[in-house]
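User: I'd like a close look at a single part of this model, please. Walk me through it in one go, with the cut-offs spelled out.

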Amino acid sequence: MAVSQGYYGLRRGSTKSHTYSVVGGKQITKDRVEGGKNPRTLGQMKQRAIISTVGSAYSAMKAICDHSFEGVTAGRDSMTEFIAVNTSLVRQSINQSNGFFGINKWGVKGMMPGSYIISMGTLPSIAPDLSTLSIDGAAKTAVIDVAYGRSVADICEELGLKQYGDMATICIAYPKKDGTYGFGAARFTFKQGSDVAGSFDLAITGDLVAASFAYATNKLSLTVKTAFEWADGADAEHTYTAAICSQYRNGKYFRSKAQFDVLAGSPSYSEAIQTYPVGQERFLNGDASSNDNGGAAPVEPSTPSDPVVTDPVLTIQKNGTGSVVVTHEQVAVQTGATIPANDEVELVVTPAEGFTPTATVNGQSVQLTQSGATYEGSFLMPSANATLSVVTSGGGGVDQN
């Protein structure tokens, strides 16, 4: 793909070998791809299932997860971080068949239960005794054991609260009547008080419409009420909780890591993928059982001039004002990284508002699938030095990530 401002003016349309478009007042020239049909291979459908699953989870938990990653700007950057972290976890869960995540079926919107990381930071994890004690689906309520202790100091120690103003947020994911999961959170803010009952202010967000807490027999418990009806037969075992500690120090917020603990998420990947419209695989290309790269169609280099090497170098180029996160084996990589040939490389692109990004590897397109305000894709590292080029907006120079 090339960006130019030609002598003959800005062109649009296609020739036999090129496609022309105008983005941000600049000429965009791309090699024309023949046969641009969507075969809906099993690999592509797997990728769509993962993107749908993680995107739906973020939408459900946005009230918390758009600012719950320490050191990451609230909003779009936090969304990108959530998607990057949890996409890797979901893909790993599918590949290992460990059941840590339920997978969205084709066309189904809404969160499925999963071991999502909903917060990350440098503070220690809190609330070791946190658990769902009981639920009343008909009343749309749940009772949660939060912490144990004989005094305010004991309770604060379990919740990681050291100064007035420190906060412990209890998050709950619960099964809804429509077959998806709802999400809500209740925040305890530590204040000066003569006893446990008078030492905390309580606030709620997400699906919660009411909440109260009680302290008796050395136990701090929380009762919450949700806006939506619970699933028939809902129980405490399949209602999940996690706790986030927040401290404000020297003008910055610090967080603790929080993650739901789901051991048998439903639907399973095998159940969900059967609902996706998988097309007929081309015979000479094999099938996904023998050529599955974890969700993306293989991308081969276009007649590379570099020699075939075992550990080729990946050069990352970004054109525009958006952002790109590139990962390999769940670890972010920068330009110049050495990646084994045929290993999967993943990318999450956050383009400028209203812009549809593009990505190529050695001139070959990488399929990007939209999930909210971001686009995701993956490719197999060629057996030669490769250049990943990503256009994130209509303006701006080329950056080496």
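Analyst: Happy to! Let's start at phenylalanine 82: setting aside its neighbours within four places in sequence, this residue is in contact (heavy atoms within 4.5 Å) with Val54, Ala57, Tyr58, Met61, Cys65, Phe69, Tyr116 and Ile117. Keep in mind that this is a predicted model, where local features need pLDDT of at least 70, side-chain atom pairs count only at pLDDT 80 or more, and totals for chains, interfaces and linings use all residues. Residues are numbered from 1 along each chain as its sequence is written, and side-chain values use heavy atoms, with hydrogens and water left out.

Phe82 also belongs to the largest nonpolar core, which has 39 residues; Met61, Phe82, Val90, Tyr116, Ile118 and Phe260 touch the most other members. Such a core is a set of buried Ala, Val, Leu, Ile, Met, Phe, Trp, Tyr and Cys residues joined through side-chain atoms within 4.5 Å, buried being under 20% relative accessible area with a 1.4 Å probe, protein chains only. At least two residues each come from α1, α2, β5 (117-119), β8 (167-175), β9 (181-190), β13 (240-249) and α4 (269-273), with α1 giving the most, 9 residues. Helices (H or I, at least four residues) and strands (E, at least two) are DSSP runs, numbered from the N terminus. Apart from this core lies another, of 30 residues, including Ala127, Leu159, Phe188 and Cys245.

Now for α2 (76-96) itself. This helix is mostly covered, with 15 of its 21 residues buried. Just after α2, serine 97 takes a positive phi of about 50°.

Key. Buried means under 20% relative accessible area, exposed over 50%, partly exposed in between (1.4 Å probe, protein chains only).
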